[in-house]
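Trainee: I have this one open for the first time. Can you walk me through it?
Mentor: Fine. Ask as you go.

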Amino acid sequence: MSGEETRQGVTLTNLDKPLFDGADATKRDLVDYLEFVGDRMVRGLRERPLSVVRIRPGQEPFMQKNLPKYTPEWMARVTIWAESSRREVTYALCDDVRTLLWFGNQRAIEYHPTLLLADHSTGPTHLVLDLDPPPGEHFRQAVRAAELIRAALHADGLAGAVKTSGAKGLHVFVPIAAGTGIEDAAAATRAVAARAERLDADLATTAFIREDRGGKVFLDSTRSGGTTVVAAYSPRVRPGAPVSFPLSWSELDGISPGDFTIRTAAAALGDRDPWRDEMPPPQTLPADLIEEGHTIPIARVQAMHEGKRRARARRAATDS
């Protein structure tokens with residue numbers, strides 16, 4: 001059958017069909033790319049509960065957490081109680097390239113692992129800062145904000161690695177020592193963002209409510225605990241099928257996020273693994289960073305309360 005073949009024991013089908021509207025790529029392009037980056041991408045996925053964004057032909061993208069019943073028995077998995085939905089969820093553990101190819105055949109475009117390993121006892125493995133430029137702003141703004149994060153980290157003797165988000169922004173990952181508590185890691189992330197904001201409050205903001213950002217780059221410090229972040233090398237469901245691409249700090253000024261797609265990233269990578277090569281070793285978080293972070297309100301909680309307050313104020317103004 002046209003467009004069908006087997007790789008690493010996985011039967012692949014409909015390879016010559018378009019991937020999704022605007023991708024300018026086929027399912028074969030996706031599978032070829034995943035196979036090319038396979039070992040590199042799996043390093044960041046291994047032992048982490050995985051959610052994926054899939055696209056069935058003619059349907060909207062959807063996030064899949066729970067493995068479907070037809071998942072092959074050989075795939076590693078872990079079952080976790082989800083407090084929000086009050087049920088058990090069985091997540092894939094993408095521990096090998098075969099699993100990655102199986103997901104590619106399922107039209108899984110995006111790969112979102114948790115910051116925690118399946119064994120939660122070791123705590124979060126990284127702090128993550130998500131830098132989101134405002135609508136209409138140039139990618140350069142996100143680059144400048146990333147340099148603020150880098151400077152704030154350096155002042156505390158810390159270092160991180162940077163990658164494009166695959167959308168319009170950047171992610172900074174800071175590897176941390178095993179055994180760091182979830183709440184302490186979350187607090188430290190808030191403190192890093194706050195310190196970066198203080199370095200240039202005209203450029204960057206930690207304001208969680210969009211209308212309060214004033215055209216500045218949002219330093220999102222809410223990725224912590226069991227939350228997910230798109231993996232290094234993961235494609236994205238965006239026009240042109242870009243990928244989240246790791247970079248050295250010195251490369252930031254010379255690139256655009258659109259430079260790296262499932263059709264071009266392989267040539268840019270060659271045999272390198274910049275996510276491994278640029279990632280510092282795990283670091284112990286300074287006590288003062290954690291202490292400051294615990295004095296900063298949790299953004300989502302603060303925003304929820306503020307949203308309710310503003311809604312009450314609007315209703316009161318209407319009633320009067």
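Trainee: How many bridges join strand E8 to strand E12, and which way do the two run?
Mentor: This is a predicted model, so keep that in mind. In it, E8 (residues 126-132) and E12 (residues 217-220) are joined by 3 bridges and run antiparallel. Within that pairing, aspartate 132 has phenylalanine 218 of E12 as its bridge partner.

Trainee: What order do the strands of that open sheet take?
Mentor: The order is E11-E12-E8-E10-E9-E13, 6 strands in an open sheet with mixed pairing.

Trainee: Why is one side of E11 and of E13 left without a neighbour in the sheet?
Mentor: E11 (204-205) and E13 (246-247) are the edge strands, and each has a single partner strand, so one side of each has no neighbour there.

Trainee: Which strands does helix H3 touch?
Mentor: H3 packs on the sheet against E8, E9, E10, E11 and E12. Its direction makes about 15° with that of E10.

Trainee: And helix H4, which strands does that lie across?
Mentor: H4 (residues 182-199) lies across E8, E11 and E12, at about 40° to E8.

Trainee: Changing topic. How many residues are in the largest nonpolar core?
Mentor: It has 82 residues, and Phe103, Tyr111 and Leu219 are among those with the most contacts inside it. Helix H3 (residues 139-155) supplies the largest share of this core, 9 residues. A second, separate core has 5 residues, including Val78 and Tyr91.

Trainee: What is phenylalanine 103 in contact with, leaving aside its neighbours within four places in sequence?
Mentor: Its contacts include Leu50, Val52, Met75, Ala92 and Tyr111.

Trainee: Is E6 mostly covered or mostly open, then?
Mentor: Mostly covered: 5 of the 7 residues of E6 (residues 87-93) are buried. E6 pairs antiparallel with E5 (residues 77-82) over 6 bridges, and 2 bridges join E6 to E3 (residues 49-54), also antiparallel.

Trainee: What sits between E5 and E6 in their hairpin?
Mentor: There are 4 residues between the strands, and arginine 86 in this hairpin takes a positive phi near 55°. Tryptophan 81 stands opposite glutamate 88 in E6.

Trainee: Last one. How do helices H1 and H2 cross?
Mentor: The axes of H1 (residues 27-45) and H2 (residues 97-105) come within 8 Å and cross at roughly 145°. The crossing is right-handed. Residues that meet there include Leu34 and Met41 of H1 and Leu100 and Gly104 of H2. By class, the contact has 9 nonpolar, 3 polar and 3 charged residues.

Note on methods. Residues numbered from 1 in each chain as written. Predicted model: local features only at pLDDT ≥ 70, side-chain atom pairs only at ≥ 80, totals over all residues. Heavy atoms only, no water. Buried < 20%, exposed > 50% of the residue type's maximum accessible area, 1.4 Å probe, protein only. Pairing = 2+ DSSP bridges. Core = buried A, V, L, I, M, F, W, Y, C linked by side-chain atoms within 4.5 Å. Contact = heavy atoms within 4.5 Å. Axes fitted to C-alpha atoms, helices over the stretch in contact; angles between N-to-C directions. Left-handed = near helix turned anticlockwise from the far one by under 90°. Nonpolar A, V, L, I, M, F, W, Y, C, P; charged D, E, K, R; others polar.
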